Amino acid sequence: MLVGFGGIIASSSGAALLADATVAARRATRFGQQIALGTTAAFLSSAIAGALATPVAAWFGARPDDALVLRALVASGGIIAAASIAPVLAIRAVPVGRHTLEAPTRNHLVRRFLVIEVLFGFGAGSFLPFLNLFFADRYGVPFSALGLLLGVLAVAGSIGALLHGRFVAARIGAIPSIVLVEMLSLPFALVAAFTGALPIAVGALAARHFLMFGASGTVNAFQLSSFTPAERAGANAVFALAWSAANAVGAILSGAIRAQLGPGGFTANIVTLVVAYGLAALLTWRLFAGHEPSGDVFLSAVAAPDSPV
């Protein structure tokens with residue numbers, strides 16, 4: 001709870017700061033780079049944690065999956081995360097303008113974005129929080145190898161995040177590129193839901209991560225470019241809260257389903273994700289196909305790949 005509470009504060013302010021410090025024409029690419037760095041760090045942490053499980057267990061005289069070992073690994077991650085305060089303190093403040101959009105237009109825009117965030121949050125909560133259990137329970141993957149598998153997915157997401165904003169969104173525009181890759185990701189999720197082979201499941205989920213994480217940077221840039229600098233942190237916080245609340249509901253329901261169905265319940269969880277993501281992608285096109293972000297009122301002369309002119 002405390003990590004989630006602090007995470008929303010940090011991510012909302014950090015995303016707004018990154019948007020303010022980046023010109024509109026580079027924003028989708030820059031957010032993609034940010035996500036790629038995060039997912040690469042996730043790969044390293046997953047792989048290192050999996051590799052350290054056995055020696056840490058030997059140090060404590062326990063098994064690799066004992067609670068004591070997991071606590072030690074989580075604690076080491078907390079120490080590393082706390083060290084991030086050093087570079088954060090070195091960031092210089094970016095001036096924020098006081099320009100705002102008209103209230104009715106802004107409120108209507110927030111409501112439209114909220115619909116999308118709720119659907120994506122619910123879909124993600126239906127499966128992604130239990131991705132490690134999916135591999136462990138359905139395929140019997142040992143704890144020591146689990147970090148490597150999760151790392152493969154993280155690397156796939158990193159590559160997608162680097163490529164999407166630079167090569168896809170820049171050519172066909174934000175909304176077409178977002179909807180395209182989101183819809184393309186759904187068949188791969190379904191393959192993972194029904195296959196009984198671990199390599200196929202890993203490959204399918206890696207392809208899904210490549211596409212969905214690729215769209216994430218462009219989505220963030222598109223959202224924040226739609227609001228003025230003075231509005232961005234607040235808007236991002238509202239979206240994060242909506243996504244997290246829907247994510248929690250999805251996780252609770254998926255846990256209940258899996259308790260009734262056992263490992264086979266993962267299939268129902270992934271199908272729920274596919275339905276929610278598919279509906280979110282369709283509504284993204286329906287609600288935002290004609291929308292051009294205009295938050296950078298003081299940069300109106302810059303043609304951004306987020307909003308083709």
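**Close-up views of a predicted model**

View 1. Val155, Ile159, Leu162, Leu163, Phe167 and Phe210 form a nonpolar surface patch of about 460 Å². The model is predicted. Helix H7, residues 143–172, supplies the largest share of the patch, with five residues.

**View 2. Leu163 in helix H7.** Leu163 sits in helix H7 and belongs to the nonpolar patch.

**View 3. The largest nonpolar core.** This core has 44 residues. Which of them touch the most other members? They are Phe127, Phe134, Phe135 and Leu205. Elements giving two or more residues to this core include helix H5 (103–125), helix H6 (131–139) and helix H9 (198–225). Helix H8 gives the most, with eight residues.

**View 4. Leu205 and its contacts.** Leaving out residues up to four places away in sequence, Leu205 touches Phe127, Leu131, Phe134, Phe135, Leu153 and Ala192. Another core lies apart from the largest one. That other core has six residues, including Ala19, Ala28, Phe31 and Leu224.

**View 5. Confidence along the chain.** The mean pLDDT of the protein is 84, and 91% of its residues reach 70 or more. Among the elements, helix H11 (residues 265–288) has the highest mean pLDDT, 96. Helix H1 (residues 2–20) has the lowest, 78. Over residues 100–105, pLDDT is below 50. Residues 298–309 also stay under 50; the model has 26 contacts for them beyond four places in sequence. Where pLDDT is low, predicted coordinates should not be read in detail.

Methods
Residues numbered from 1 in each chain as written. Predicted model: local features only at pLDDT ≥ 70, side-chain atom pairs only at ≥ 80, totals over all residues. Heavy atoms only, no water. Patch = residues over 30% accessible without salt bridge, like charges linked within 9 Å, V, L, I, M, F, W, Y side chains within 5 Å. Areas by Shrake-Rupley, 256 points an atom, 1.4 Å probe, with all protein chains shown as cover. Salt bridge = Lys/Arg side-chain N within 4 Å of Asp/Glu carboxyl O. Helix = DSSP H or I, 4+ residues; strand = E, 2+ residues; numbered from the N terminus. pLDDT = per-residue confidence, 0-100. Contact = heavy atoms within 4.5 Å. Core = buried A, V, L, I, M, F, W, Y, C linked by side-chain atoms within 4.5 Å. Buried < 20%, exposed > 50% of the residue type's maximum accessible area, 1.4 Å probe, protein only.
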